[in-house]
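Let's take a friendly walk through a protein model together. Keep the picture open as you read, and look for each part as it comes up.

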Amino acid sequence: MTAPFIDLGVHHKASGLSDKVALGFTKVLRWCADTFFAQRYGHRAVVLETVAAVPGMVGATINHLACLRRMCDDKGWIKTLMDEAENERMHLMTFIEISKPTWFERAVIIGVQWVFYVFFFALYLLSAKTAHRVVGYFEEEAVISYTHYLAEIDEGRSANVPAPEIAKRYWGLPEDATLRDVVLVVRADEAHHRDVNHGFANELGGLPVGAVGQCPPHAELVPNWKKAA
C-alpha cells in the first residue's frame, strides 16, 4: 500500500477573531512541544497522539447528544469524528511500539489529557466552529512535524526500524515495511483530518467547505459483538 499524495502547502488563513484565537492557541502548543521534545519525534508522537485522539471523541459526543435533543440527523458528522478518534488512537498504539514512553512521559500524558479534554469540551460547547478550526490547525502542525520526522529518517538521524506488526495490519503495509512507510501513512491521515476539520469549521461559518485529501485505507476494527455473531 502506497501513501496517497497530500498537499503539504495547505494552510487556512485566519480571518476573524475565532480563527485568530484558534491559530494563536495552536502556535503556543507547538512551541511547548518543540521546547519539551526538541528532535525526539518518536516520543513527541506518543504524547501528542494521546491529545490528538481527544477532539474527535468530544465532537462526536456533543453532536450525538445535540441530535438526540433536536431529534435530527447528524449528516454523517458523528461517524466521521469517531473514526478520527479511532485513527488517532491507532497512531498512538503504533508509536508506543517504536518509542517506548518513559514513566515521566506517561505522567505528562495523564495530566495533559485531563486538562485538554476539559478545555476542549468547554470550547466545543462555546464555539464548535473555533474547536474544529483548532483541530484543523493542530493537524497542519502535525503534517509539518511528520515531514520533519521523514527528513530525520532520510538523513540518518533517526533509525529506519521495521514497522510494528500493528501498523502493518492496520494500514495493510507489506511485510518489509519500515518506520518511513508508517510515517508516510500517518502524515496522510493527519492531512485528511486537517481538511475535514477545516471543512467542518467552514461549514459552521457559512464558508465553502473545500477539497478533502484522500485518506489511506485502513483495516476495519471489528467490535466484539460482530466477532461473536
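## The protein as a whole

With 229 residues, a compact globule would have a radius of gyration near 17 Å, and the protein has 17 Å, so the two agree. Keep in mind that what you are looking at is a predicted model. Laid along its principal axes, the protein has C-alpha atoms that fill a box of roughly 50 × 50 × 35 Å.

What is the protein built from? You will find eight helices and zero strands.

How much of the protein is buried? Of its 229 residues, 46% count as buried. The contacts tell you something about how the chain folds back on itself. Among contacts between residues at least 6 apart in sequence, 75% join residues at least 24 apart.

Now turn to a pair of helices. Helix α4 covers residues 103–126 and helix α5 covers residues 128–154; their axes come within 5 Å and cross at roughly 130°. What do we call such an arrangement? Angles over 145 degrees count as roughly antiparallel and those from 65 to 115 as roughly perpendicular, so α4 and α5 are oblique to each other. By class, the contact of α4 with α5 has 10 nonpolar, two polar and no charged residues. To see where they touch, look on the α4 side for F116, F120, L123, Y124 and L126. Their partners in α5 are A128, T130, A131, H132, V134, V135 and F138.

Next, find helix α7, which spans residues 179–204 and includes L179. Is L179 buried or exposed? Its relative accessibility is 2%, and because buried means under 20%, L179 counts as buried. You can see what surrounds L179 by listing its contacts, leaving out residues up to four places away in sequence: F95, I98, Y149, I153, A159, N160, V161, P162 and A163. For a sense of distance, compare L179 with K13: the two are 166 residues apart in sequence, and their C-alpha atoms are 32 Å apart in space.

V185 is found in helix α7 too. At 1% relative accessibility, V185 counts as buried. From V185 to A201 is 16 residues along the chain, and their C-alpha atoms are separated by 24 Å.

With a relative accessible area of 16%, H12 is buried. Which residues does H12 touch, leaving aside its neighbours within four places in sequence? They are D19, R133, Y137, E140, H198 and N202.

Finally, consider the cysteines. A disulfide is a covalent bond between the sulfur atoms of two cysteines. How many disulfides does this structure hold? The count is zero. Take C72, which is in no disulfide: the nearest cysteine sulfur, that of C67, is 4.1 Å away. A disulfide needs the two sulfur atoms within 2.5 Å. C72 has 38% relative accessibility, so it counts as partly exposed. Another cysteine, C215, has a relative accessible area of 24% and is partly exposed as well.

Methods
Residues are numbered from 1 along each chain as its sequence is written. This is a predicted model: local features need pLDDT of at least 70, side-chain atom pairs count only at pLDDT 80 or more; totals for chains, interfaces and linings use all residues. Side-chain values use heavy atoms; hydrogens and water are left out. Buried means under 20% relative accessible area, exposed over 50%, partly exposed in between (1.4 Å probe, protein chains only). Helices (H or I, at least four residues) and strands (E, at least two) are DSSP runs, numbered from the N terminus. Contact means heavy atoms within 4.5 Å. Axes are lines fitted to C-alpha atoms, for helices over the stretch in contact, and angles run from 0 to 180 degrees between N-to-C directions. Angles under 35 degrees count as roughly parallel, over 145 as roughly antiparallel, 65 to 115 as roughly perpendicular and the rest as oblique. Ala, Val, Leu, Ile, Met, Phe, Trp, Tyr, Cys and Pro count as nonpolar, Asp, Glu, Lys and Arg as charged, and the others, Gly among them, as polar. The radius of gyration is taken over C-alpha atoms; the globule rule is 2.2 Å times the number of residues to the power 0.38.
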